[in-house]
Amino acid sequence: MRAVESPLMSDAPTVLEMRGITKQFPSVLANDDVSFDLVRGEVHALLGENGAGKSTLMNILYGLYKPDAGEIRIGGKPVSFGSAKDAIASGLGMVHQHFMLIPVMTVAENIVLASEPTQAAGALLDYNAARAQVRDLALQFGFGIDPDAKIEDISVGQQQRVEILKALYRRADILILDEPTAVLTPQEASELFSILRNLQREGMSIIFISHKLNEVLEIADRITVLRRGRAIDTVPREGATEEGLARLMVGREVLLRVDKPPATPGEVVLELDDVHVRDDRELEKVRGVSLQVRAGEIVGIAGVDGNGQTELVEAISGLRKRESGRIVIGGRETALHAGVRSMLESGVGHIPEDRHRYGLVLDFTLAENAALHDFRYRPDSRFGWLFPRVLAARTQRLLKEFDVRGGNPQTKARTLSGGNQQKLVAAREVDRDPRVLIAAQPTRGLDVGAIEYLHRRLVEERDRGRAILLISLELEEVLSLSDRILVMYEGEIVAEHAFGTTEEDIGVEMLGGQREAVA
Amino acid sequence: MNEIADRPPPEEEEPTTSAGRLMLRQKAGGIIPPVLTAIFAFFMGGVVIAISGHNPLSAYAGILDGAGVNWFWDHFGNTSVLDLTTFNLTQTLLRTTTFIFTGLAVAFAFRCGLFNIGGQGQYTMGLVVGIWVGAYWGNSLPNGLHVVIGVTLAALAGAIWAGIAGLLKAFVGAHEVITTIMLNWIAYWFASYCFGQGGPLQNTTPGQESNPISDSVYQKSNAIIPVLWGNEGLQALHYGIFLAIAALVVFWIVLNRTTLGYEVRAVGFNPEAAAYGGISVKKNFFLAMAISGLFAGLAAGTDIFGWKYSAGVLDVQASTVGFAGIAVALLGRSTAVGVGLAAFVFAGLDYGTTRGLDPNVFEPTLAGNLSLMIQGLVVLFVGADLLILYLWSLRKKRFATPRMSGKGV
């Protein structure tokens, strides 16, 4: 490992050292001789793909797992934690991805819980004291938060601040944040970063776990990259690039930008004409959308979440009945009340936005999942009789062709990693040879290796003459993948761009601004 | 609080139906938990026996003998001896037949994510229709055809009764637990009316007009399922047990080898993914309930044409075979083999603690309650072992398999 000293940190003391941490689980070596250190006042990012061993390392640090080998020193003294209580007592605080808050209690009550100030000889909670302490703490670190608000009434971003305050209240001076931005909107994420900088100024040392390259480059002073349980390298932020970090993470050159030849669009395959869709609450979420997707092109729809993209996709895939308007697929008009099966049969393939909720039956085997659309047709079944061997054989082929790892046809889908689950969904949809492929958030929650694969695959499918409609909340994904870009705002298509537009152009339109305002 | 706060959160997505979640937990432990559940329930029953001042071991030995299980070491392979032991075993097997059907009635719905609490009502409607067909018309039919039609219509009656709950679930979203319980009471009073004094199916035999009991299929038409083992006049075992075993096989085949079963299981695990796959969730709610009711109706049909021949108001009101089906399905983990074995255990318990029990070993008045108590304990412990499995899976998530401890491991 290369020793790195940020000039800023050169004389700051090391507050935490982990040396040679090794942890063997029954099936996998989760940490292999990992060393990690943290100096006072720095943000040290722990970067790695899903399954690289980041959380295991932090759970060891936090006393939740016992390491098989290795040593942990805090403030120079070796420590051994039997439980999280010991870790907390040593000044560690951890904010998990899922918050551990009691929804019906107030912010102040949640923060002081388990070490609350009391009155009447310890019998009663001294709520006023608790509130005052929480207010002081919030003020000291620059948190804007109301101590009397109930958890259930505040936003996710604010709940996260409560978690951080909880750790501070317990006098943590080392803060561990496990994928803190995963649950936040971009706005909340940038607020979190400014809070973290405040904490840093106050002398807190922060471990920031992430698999997102851009945010690591934004917030961290140093970055340690884990890959398959090993610490690959520790680099300072200065001079680090997304490409370099991605190579360290994945272990090979990764194409972060999609490299695609220009499209050669053919005839129109999907055509929508003045489509209106209402949601479950009868609100009109799609208000007169007309669009065309040609064979051999990717049309991307950009937009802020909740502007009708979900309902639009549901209408095209038949999950939701449209109110009015025409949907023409391959020249054939679909019925107004066409359901999922009729849309499937007209040639629509659909990678749904939530693979756990829609894309997969997690407790079905991979073979059963691969047959989710086709089980009722030959050769999967005949006269209602299923042929498990046919299912298994096809699945075996798909797993190979789409590089799905970690299972065989008889494995439960639940046991696959997110990236492999998504590859299985993509494999199933593409294998049906649809004329139109709708890809809704195809890479949500995936790590860079899987994202790269799926992007490349979508471009390949385009070049085979499929019409692809891409819907994503990741603007960058839409911009880099689409041959044409439509911007959706409040249920309408408000703008169209060719490939090569910038984020700035579209950003304003996504929020309802007019084009002129940008020009 | 710290312990709770510091536990890594469970990451995996859960099935979206409550029955689906229960299923998942049940499947997690394999065959060990249900066996432990049963052992523990019997152990607790033993404690109660001891508290009541009896020797648990001799009481259980008495129950085993009462259930005729001693046949396996006394006369094994010899079906010609028709003594008390043989008689007890045939009685246990008669009830096993019924419990297999009522257990499947709960298990099938369960695999679709539905709780069919209405097995009792479906069984009762099957009784009414079975008796109506068997004793009140169709006497001109050949006996065999009469039986087939009678059992089939009884099964259909159960299917329709459960199908009502399925339709209500599919089209107005009424919860099947509520509707099946309500339908149970409707069936209860409807059958009480039919067999009660002045009711349409009340006894027409001269001199019997005041009895709140139906005519007997046996006396009216003699259209009965043939006897397999035992004395025809003494509640012998009938060929219906083969129908029950066939039902277990069909249950397995339908679920695992047909598109219908594929749809039912997909809906049971994740209705939204099923809909995305083009499966009609409403259709499957209805079908799963109707098929469940079909099994309950078959229980009634084989009971009527096999050995009960008639039913009275008291029979209807005291019967709990539909509810026993819940315990059978839970202990049997809603699998074909499990239901078969659990049905035998509960049938033995049912007969072995009541009529079959030697009164010298244990007063029958106490013993009948023991049967219900052990049934209750099994249901309770099935719930408890699911809790234990759940806690165990949390523990495993924390200490054993890193993949399950969090996506960011």
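Me: What share of the 519 residues in chain A is made up of buried residues?

Reply: In this predicted model, buried residues make up 48% of the 519 residues in chain A, where a residue counts as buried if 20 or more other C-beta atoms lie within 10 Å of its own.

Me: Which radius of gyration would a compact globule with 519 residues have, and what does chain A have?

Reply: A compact globule with 519 residues would have a radius of gyration near 24 Å, and because chain A has 26 Å, the two values agree. Along its principal axes, the C-alpha trace of chain A spans about 75 × 50 × 45 Å. As for secondary structure, chain A has 18 helices and 24 strands, and among its contacts with a separation of 6 or more, 67% are accounted for by residues 24 or more positions apart.

Me: How should I read the packing of helix H14 and helix H15 in chain A: parallel or antiparallel?

Reply: The general idea is to begin with the angle, since angles under 35 degrees count as roughly parallel and those over 145 as roughly antiparallel. Helix H14 (residues 418–431) and helix H15 (residues 448–463) of chain A pack at about 10 degrees, with their axes 10 Å apart, and H14(A) and H15(A) are therefore roughly parallel to each other. On the H14(A) side the residues that meet H15(A) include A:Gln422, A:Ala426 and A:Val430, and their counterparts in H15(A) include A:Tyr453, A:Leu454 and A:Arg457. The residues of this contact divide into five nonpolar, three polar and three charged.

Me: At what angle do helix H11 and helix H17 of chain B pack?

Reply: Helix H11 (residues 240–257) and helix H17 (residues 336–352) of chain B pack at an angle of about 155 degrees, with their axes 9 Å apart, which means that H11(B) is roughly antiparallel to H17(B). The crossing in which H11(B) passes H17(B) is right-handed. Here B:Leu248, B:Val249, B:Phe251 and B:Trp252 in H11(B) meet B:Ala336, B:Val339 and B:Gly340 in H17(B), and the residues of the contact divide into six nonpolar, one polar and no charged.

Me: Is B:Ile241 buried or exposed?

Reply: B:Ile241, which is found in helix H11 of chain B, counts as buried because it has 21 C-beta neighbours inside 10 Å. Leaving aside residues up to four places away in sequence, B:Ile241 touches B:Leu93, B:Thr97 and B:Leu228.

Me: How many residues apart in sequence are B:Ile241 and B:Lys220, and what is their separation in space?

Reply: B:Ile241 and B:Lys220 are 21 residues apart in sequence, and their C-alpha atoms are 24 Å apart in space.

Key: Residues are numbered from 1 along each chain as its sequence is written. Chains are lettered from A and ligands numbered from 1 in the order in which they are written. This is a predicted model: local features need pLDDT of at least 70, side-chain atom pairs count only at pLDDT 80 or more; totals for chains, interfaces and linings use all residues. Axes are lines fitted to C-alpha atoms, for helices over the stretch in contact, and angles run from 0 to 180 degrees between N-to-C directions. Helices (H or I, at least four residues) and strands (E, at least two) are DSSP runs, numbered from the N terminus. Angles under 35 degrees count as roughly parallel, over 145 as roughly antiparallel, 65 to 115 as roughly perpendicular and the rest as oblique. A crossing is left-handed if the near helix is turned anticlockwise from the far one by less than a right angle, and right-handed if clockwise. Two residues are in contact if their C-beta atoms, placed from the backbone, lie within 7 Å. Ala, Val, Leu, Ile, Met, Phe, Trp, Tyr, Cys and Pro count as nonpolar, Asp, Glu, Lys and Arg as charged, and the others, Gly among them, as polar. The radius of gyration is taken over C-alpha atoms; the globule rule is 2.2 Å times the number of residues to the power 0.38. A residue is buried if 20 or more other C-beta atoms lie within 10 Å of its own, exposed if 12 or fewer, and partly exposed in between; C-beta atoms are placed from the backbone.
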